[in-house]
Amino acid sequence: MVMKGKKGVILGIANKKSIAYGIAKACREQGAEVAITFLNERFEKKLAPIATELECGTRLYPCDVSKPEEISALRESLARDMGEIDFIVHSIAFAPKEGLSGRFVDTPKSAFGISMEISVYSLIEIARELRPIMSDSSSILTLSYYGGVKYVPNYNLMGVAKAALEMTVKYLAEDLGRDGIRVNAISAGPIKTLAAAGISDFSFLLKWNGHHSPLKSNVTIDQVGNSGMYLLSDLSSGVTGEIHYVDAGYNIMGMPAVNFDENGKPTIAWNGE
Ligand code: NAP
């Protein structure tokens, strides 16, 4: 039981397809005690059965990260119900639809601001506001994607947000490192979730990644969950500021593998099947 005695809060479970749910499950399986959050009343009802399954008890709290008062209230609730915490999972992102398709040059200023606030600044704010209740060897984990490093069709505004998020991880890691707190990200391969459904042509992206990754597959929330659990546990006590890829190896590919037909002609064409 790698996480026995550890307590933490997981933000970003929308349903059982969420990456955060995979991480929560892996942490519970290894003995951790977890609290989870929901965005608004509509999601509270949806999350109640998941909270029961994860044995959260009453530790199901509201937290819309765009509302500073809800982050402070979360700290108070956690302090009351759990005392100190040992880990935080930030699995939250948002970009308005107009930031996830079309020409990047047309990105509206308002969409840029919202996306940065929810997907990036919230990590800084959560780290700062929950710091007083974090134990001295705590671990913070967030979720990124390859589209923050290289161009990926339609990822547009979220790609810029993920680039900012990855640097936020590094600056936070240096800053909080002096308090013994580690900060890491998992860059997950594409997974069909609610958030992913907002990205135009996502199903093609999924097929492309599965076909061209070294492991010839896409990753699951269980695989990301287990890697996330490792980064939250003491097994990774020497790791901070890291962007850890859990993507079936897709990020190492410079170009798709080339096959040759019987005449020695390269066959790289792929129609998505
Ligand atoms: P998801 O299940 O839809 O989770 C996204 C979560 O963000 C939801 O729980 C959503 O809450 C929450 N959220 C949005 N705005 C919020 C706000 N203002 N305050 C609090 N919570 C808010 O999708 P997911 O794919 O698991 O996404 C989790 C993270 O993984 C995101 O950072 C995403 O960019 C990243 N990621 C995803 C993939 C992928 O292919 N799926 C790959 C790499 C990285 P509601 O649902 O209640 O709105």
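A salt bridge is a side-chain nitrogen of Lys or Arg within 4 Å of a carboxyl oxygen of Asp or Glu. The structure is a predicted model, in which local features need pLDDT of at least 70, side-chain atom pairs count only at pLDDT 80 or more, and totals for chains, interfaces and linings use all residues. Residues are numbered from 1 along each chain as its sequence is written, and side-chain values use heavy atoms, with hydrogens and water left out.

**Exercise 1. State which residue forms a salt bridge with Asp 81, and classify the accessibility of both partners.**

Step 1. The partner of Asp 81 is Arg 80, and the closest N and O atoms are 2.8 Å apart.

Step 2. The classes are needed next: buried means under 20% relative accessible area, exposed over 50%, and partly exposed in between (1.4 Å probe, protein chains only).

Step 3. Asp 81 has a relative accessible area of 29%, so this residue is partly exposed. Arg 80 has a value of 61% and is therefore exposed.

**Exercise 2. Determine which residues are joined with Arg 128 and Glu 129 into one network of salt bridges.**

Step 1. Arg 128 and Glu 129 form a salt bridge, with 3.3 Å between the closest N and O atoms.

Step 2. Glu 129 counts as partly exposed because its relative accessibility is 21%. Arg 128, at 42%, is also partly exposed.

Step 3. Salt bridges with shared partners join Arg 75, Glu 76, Arg 128 and Glu 129 into one network. The structure holds 12 salt bridges.

**Exercise 3. Explain which parts of the chain are tied together by the salt bridge of Arg 28 and Glu 55.**

Step 1. The side chains of these two residues, Arg 28 and Glu 55, meet at 2.6 Å, N to O.

Step 2. Arg 28 lies in helix α1, whereas Glu 55 lies in the loop between α2 and β3, so the pair ties together parts that are 27 residues apart in sequence. In these names, helices (H or I, at least four residues) and strands (E, at least two) are DSSP runs, numbered from the N terminus.

Step 3. Arg 28 has 23% relative accessibility and therefore counts as partly exposed. Glu 55 counts as exposed because its value is 55%.

Step 4. The backbone of Glu 55 has a phi near 55°, a positive value in a residue other than glycine. The loop that holds Glu 55 runs between α2 (41-53) and β3 (60-62).

**Exercise 4. Describe the packing of helices α4 and α5.**

Step 1. Helix α4 (residues 109-130) packs against helix α5 (residues 156-177) at an angle of about 20°, and the axes are 10 Å apart. This makes α4 roughly parallel to α5.

Step 2. α4 passes α5 in a right-handed crossing.

**Exercise 5. Characterise Ser 200 and Asp 201 in the loop between β6 and α6.**

Step 1. Ser 200 lies in this loop, between β6 and α6, and is partly exposed because its relative accessible area is 23%.

Step 2. The C-alpha atom of Ser 200 is separated by 6.0 Å from that of Asn 154, although the two residues are 46 residues apart along the chain.

Step 3. Asp 201 is found in the loop between β6 (182-188) and α6 (202-212). Asp 201 is not a glycine, yet has a positive phi of about 55°. With a relative accessible area of 58%, Asp 201 is exposed.

Key
Axes are lines fitted to C-alpha atoms, for helices over the stretch in contact, and angles run from 0 to 180 degrees between N-to-C directions. Angles under 35 degrees count as roughly parallel, over 145 as roughly antiparallel, 65 to 115 as roughly perpendicular and the rest as oblique. A crossing is left-handed if the near helix is turned anticlockwise from the far one by less than a right angle, and right-handed if clockwise.
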